[in-house]
Amino acid sequence: MSVMKESRLKTLLYILENNIPAGENLTYAVPDMWNCFDYNGEELKKKENGLLYVNPYKFYYQCINNFIIRNYDESIQYSKSLAQINNLFKERNEDGRGDWIRKSSIYSMHVRTTTSWDHDGCGELKDINGNGFKETGTFVKSIVLLPLLKKMGIDTIYLLPIAMHSIKNKKGEMGSPYAVKNFFKIDPELKDYITGDDFSVEDEFGAFVEACHMVGIRVMIDIIPRTAARDNELMLEHPEWFYWIRVNDIPYYRPPHVSGLGENVKPLPENLHFVYESEDVWNLIKKFTVSPDQFNSTEWNKIKNECRENENLNVLELIEGRIGITTAPAFSDCINDPQPPWDDVTFLRLYWDHPLETRKYMNDPYQPPYILHDIIKSNSFKGQYPNEDLWRVLSDVIPFYQRNFGIDGARIDMGHALPSELVDRIIKNAREIDKDFAFVAEELFQLAAEEAKKCGYNMIIGHGFYAEPRVADFSAHAFIYESRHLPLPVLACGETPDTPRLAARLGGERLSKCLTVINQFMPNGVPFINSGLEIYETQPMNTGLDCSKDEQWIRLAWDDPYNGKLAFFDRYQLHWTYWNRWDIADTLDTVSKIRKQYLNTITNLNNFIPLWFGQWDVPVIGLGWIEEGKKGWHEDNILLVIGNTDMNNSIDINVYLDSIRNQSGNSERKVRFLYSTHIWKHDIYYLDDYFNMRFSLLPGEVKIIKI
């Protein structure tokens, strides 16, 4: 039975407090980085190798009681979004449509991974260890990271999918969070045994959101409205919402090859004739069949009744075994993409009919619904008859999490490939509940920012994950400078959950630290910390973008128990006890305070002036800002962020300030040294009558200066 209290967090606090005696003589280790709230349990046994041994109930209790609940106000309902709590959209000049994200600093969290830990030290991550505790990540354990995230200046947490995922045809040990089995249930694997049976995983997520809101952190989720797990629970009532093939055809099922076109070609009206002239395409189309209710209605009705009576039965397994058909695996919407089928997910049937552009190639009125590049690229190839009932379900996913948990924003997975009408409905429904709800578009190509803005998005992903690690060819410089011209902000980052880790790139930790600091000030960029970056994690979470062939096998020592494992699919423990673990966190503790102090300045692009070094091929990024509301000859109004992107060599560089001085009216010689990533050297001197400067920068060094 789920506990329904006004405050789920206070209920969690009560549960932990009453169980403290049960944890007095247990062995329970946590990384010392999780203790940013000065835990002082008397039973603290030892601190060694980056670990603390604690009473788990007392540890989580003290975090909530000493750090979080102190902000509790009885008059505030923390299960609502921060915008609704603070009524921000009435207090600000913006129109209250999610633009708070422009000034945010985001931490990406895969709950199952971020707080995974081998608490009993047995050498492996267990669902339940010998002392009865969960070792993979949970919402309860995630709460204890909030003090660390606040130290790093984080004010928004972006959660990778938290809905119930499937283990049928799973990838890896645990399956992908993107194979969603039920859009409206929280994944039960994120439940912590520490709270007992009467406090549900929904209660734990609600407590997590409340805790975030109490300390001023927003919560965003990831939704996946284009695909679903092969055995998604919607099929029990609506098998016709899916695409079906015979079980016997699964061994021969693969994306078709289309002659006359190259690899990874987008389906367009002008190349569609190549697609439907391909024999491989027709061999695929012939494999599709009708849904089980039409294929064998008698057996289907039996299966449906059995599943309604016993919720532990898997409807797809019964269909496969007794009717002989199954949902069709999804595959890339790009023609001749070498990727194999995505065996754990299938596409949802968004239209009842074939796309209008396709009808001249498909003359068979009895052809069952099928998956093909045009069908699944439904933003460009639309049918005439939308699956209205399905659209209604998909557009209610975000409102469900708003009504029940008070989330603040969402990223729409592959939203650019959905019908614009469906995207519009998803965004509209969310903003009817919360005018200031923010949306992130999964747009990697920055030219799409204008269209994303028209659709109602507040930010795009962008291609920083690709450009920023490539400092040697100045891709990072171009990305950081040129993104300011886009109509929407982009993620300021060098890694995402789908890419190689920054610390694994050429330049390693030095590159990670350099870019992390610069990204705090990137014009039109929103700082984004992918969970693990703060401890120089090198093992990727997924190998979806820009990865080498053996990326998952070459980043860790051969005897590391997590070598070859990917957090998206396997039990994985971040290397929280790495020897240099506090470096990024301590750096951000200082730098994020500088960012916050000048936040209005650096988020107003009219204040930004790129710095000039006398030549174009200098491996230095220079960002100049005129402080908001300050102009005049004797004003302390120029902020400079200057970073050496050469990770191997020092550089002496001339910084020409005549442009920023003329626009700011600043002629002061006084310099305030705010921060350096290295041991500070007061090595600045003036060059000429314009008070230009000369700097010495060590490899990877970033300096922040106020004039």
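Begin by selecting Y28, F37, Y39, Y57, F59, Y60 and F133, which form one aromatic cluster. The model is predicted: local features require pLDDT of at least 70, side-chain atom pairs count only at pLDDT 80 or more, and totals for chains, interfaces and linings use all residues. Residues are numbered from 1 along each chain as its sequence is written, and side-chain values use heavy atoms, with hydrogens and water left out.

**Aromatic pairs**

Rings of Phe, Tyr and Trp (its six-membered ring) pair if their centres lie within 6.5 Å; planes under 30 degrees apart are stacked, over 60 edge-to-face, and the rest tilted. By this rule there are 29 aromatic pairs. One of them joins F59 and Y60, an edge-to-face pair with 5.4 Å between centres and 70 degrees between planes. F59 is buried at 0% relative accessibility, and Y60 is buried at 2%; buried means under 20% relative accessible area, exposed over 50%, and partly exposed in between (1.4 Å probe, protein chains only).

Select Y253 and F331 next. Their ring centres are 6.3 Å apart and their planes meet at 50 degrees, so this pair is tilted. It links distant parts of the chain, 78 residues apart: Y253 is in the loop between β10 (244–246) and α9 (272–276), and F331 in the loop between β12 (325–327) and β13 (345–347). Helices (H or I, at least four residues) and strands (E, at least two) are DSSP runs, numbered from the N terminus. Y253 is buried, with a relative accessible area of 6%, and F331 is buried as well, with 1%.

**Charges over rings**

Display R470 with Y466: R470 lies over the face of the Y466 ring, 3.6 Å from its centre. K266 lies over the face of F445, at 5.5 Å from the ring centre. The criterion is NZ of Lys or CZ of Arg within 6 Å of the ring centre and within 35 degrees of the ring normal.

**An open sheet**

Turn to the three strands that form an open sheet in the order β1-β3-β2, with antiparallel pairing. Its edge strands, β1 (29–31) and β2 (47–48), each pair on one side only. Three bridges join β1 to β3 (residues 51–53), where pairing requires at least two DSSP bridges between two strands. Here P31 stands opposite L51 in β3.

**R581**

Move to R581, in the loop between β18 (525–530) and α22 (583–597). R581 is buried at 14% relative accessibility. Leaving aside neighbours within four places in sequence, R581 is in contact (heavy atoms within 4.5 Å) with D32, M33, G50, E534, I535 and W576. R581 and E534 are 47 residues apart in sequence and 7.3 Å apart in space, C-alpha to C-alpha.

**Nonpolar cores**

A nonpolar core is a set of buried Ala, Val, Leu, Ile, Met, Phe, Trp, Tyr and Cys residues joined through side-chain atoms within 4.5 Å. The largest has 199 residues, and those with the most contacts inside it are L146, F205, F208 and Y401. Centre the view on F208: not counting residues up to four places away in sequence, F208 touches M109, F139, S142, I143, L146, I157, L159 and V219. Another core, of 27 residues, lies apart from the largest one and includes I245, V265, L272 and V345.

**S166**

Finish at S166, in the loop between β6 (163–165) and β7 (180–186). S166 is buried at 2% relative accessibility. Beyond neighbours within four places in sequence, S166 is in contact with G175, A179, K181, A229 and D231.
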